[in-house]
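These are my notebook entries from one sitting with a single model. The sequence and structure come first, then what I looked up.

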Amino acid sequence: MSSSKLDYSKDHKHDLYSLVVRKEAPFNAEPKLTDLIKNFITPEEYFFCRNHGPFPYINEGDHSIYLQGIGCKGVMQFTVKELKENYEKVSVMMVMQCAGNRRDGLHKVKHTKGVIWGPGALGNAVYSGCRLRDVLATAGISTKIENLAKLHVSFESIEQCEEDKYYGSSIPLVKALDEFGDVLLAYEMNHKPLTVDHGFPIRVVVPGYIGARSVKYLKSITIQDDESNSFFQRRDYKILPESVADEKQANAYWSKIPSIGEYNVQSYVCNPPDGIHQGSTFNLKVEGYALSGGGRSIQRVDVSADDGKTWTVAELYQPAADGVNNFGRVWSWCLWSATIIPKKHVRIVSRAVDSAGNIQQEYPVWNYRGVMNNSWRTIDPDSLNKSNM
């Protein structure tokens, strides 16, 4: 379905949001970097918006979610009210990050396909709802199901899209059934009902995975023996080889490359924005964010004012990682700060190390879709002394 056939005339305005618009229709926007790190829990006004089509305006009282597929007791139907009243309400704090976060850095290397996001396509929120595994249990789905490791949970949305009839995605069934996987059917964000921008009346929330798997405006759930057939699972959100430079070349690889699940280790300098400064402050306080996928916490963040020759270890604010009882599941981000002596004409950069020892790579690894950019060395010829590159 092409964008020309979609009707955006009823989309609501975002005048009260403090966001930088990356695309008007469908609406895609991210916060200014200094706004992004003002709060550990990101308020809605500073939370990025990612859409693939016009906003669907759904009457909660009329809306149902359908569950079907392998191992299910036929086709089951759940109203939002039933999900709220019949299942335990739980809350999960997690960072939602678009796989295209920092696409602009790869786009400066070579043309990429997609919305040109800066480093603000993420936000840390508390989502509340019922556990997906509890709902699946009602249908008879448990870890005892045959061929568990090969099965997938496919989600369909009501959202019409530019690239497909609807938005769809999937995750492995083992993730959905994991006692510590914390996958939710969420109806609240930051202890308030979801807004239309963020999936009202109900959405999937998949901690530790790229945002593309947390399907908004949920319509149906299917247990199946393969991934979702949606465009967004089969022909998008994959890291293609660097040799693939256009859609024709990509066609040879879509079926060969695995879909992205967990995101990689990441950090970025938000204050001063993008690490760009005047070099006039002797002791400059630098602040930013860091995160990693799969429940991995941030072990360390290093900050450099001399193009990576020397590094200062930052102070971390990561309350979810305190103690030993989180069972290796830190879904939220880490905010950090460091005091450094900046050098004129040299951009301040950061690199993070997670609890598994993964460290941000130095140079951007370009890919056609511009996803998963986590290099600490950035390319911005307008703001850097080129001799430092």
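**Entry 1: salt bridges**

I took a salt bridge to be a side-chain nitrogen of Lys or Arg within 4 Å of a carboxyl oxygen of Asp or Glu. The model is predicted, so I kept its thresholds: local features need pLDDT of at least 70, side-chain atom pairs count only at pLDDT 80 or more, and totals for chains, interfaces and linings use all residues. Residues are numbered from 1 along each chain as its sequence is written, and side-chain values use heavy atoms, with hydrogens and water left out.

The count of salt bridges came to 21.

I began with R235 and E247, whose side chains meet in a salt bridge at 3.8 Å, N to O. This pair links distant parts of the chain, with R235 in the loop between α6 (231-234) and α7 (247-250) and E247 in helix α7, 12 residues apart. For elements I used DSSP runs numbered from the N terminus: helices are H or I with at least four residues, strands are E with at least two. For burial I used relative accessible area with a 1.4 Å probe on protein chains only: buried is under 20%, exposed is over 50%, partly exposed is in between. R235 counts as partly exposed at 31%, and E247 counts as partly exposed at 25%.

Next I took R369 and D236, which form a salt bridge at 2.4 Å, N to O.

E88 sits in the loop between α2 (80-86) and β5 (90-97) and R131 in strand β6 (residues 122-131), so the pair ties together parts that are 43 residues apart in sequence. E88 is partly exposed at 49% relative accessible area, and R131 is partly exposed at 26%. Salt bridges that share partners join E88, R131 and D134 into one network.

**Entry 2: strands**

I counted two strands as paired if DSSP finds at least two bridges between them. I noted an open sheet of four strands, in the order β13-β14-β18-β17 with antiparallel pairing. Which strands stand at the edges of this sheet? They are β13 (266-271) and β17 (315-317); each has a single partner strand, so one side of each is left without a neighbour in the sheet. Neighbouring strands of this sheet are turned by 30° against each other on average, direction ignored; the axes are lines fitted to C-alpha atoms, and angles run from 0 to 180 degrees between N-to-C directions.

Within the sheet, strand β14 (residues 284-291) pairs with strand β18 (residues 334-340) in the antiparallel sense over seven bridges. I picked out Y289, whose bridge partner in β18 is L335.

I then turned to strand β7 (residues 152-157), which runs antiparallel to β8 and is joined to it by five bridges. The bridge partner of H152 is P172 in β8. Strand β8 (residues 168-172) is mostly covered, with four of its five residues buried.

**Entry 3: backbone exceptions**

I reminded myself that most residues other than glycine have a negative phi, and most peptide bonds are trans.

A cis peptide bond joins A25 and P26, with omega about -5°. P26 is placed in the loop between β1 (19-23) and β2 (28-31). Another cis peptide bond joins N271 and P272, with omega about 5°, and P272 is in the loop between β13 and β14.

Y237 is not a glycine, yet has a positive phi of about 50°. Is Y237 buried or exposed? Y237 is buried, with a relative accessible area of 2%, and its place is the loop between α6 and α7. M372, also not a glycine, has a positive phi of about 60°. M372 lies in the segment after β19 and counts as buried at 13% relative accessibility.
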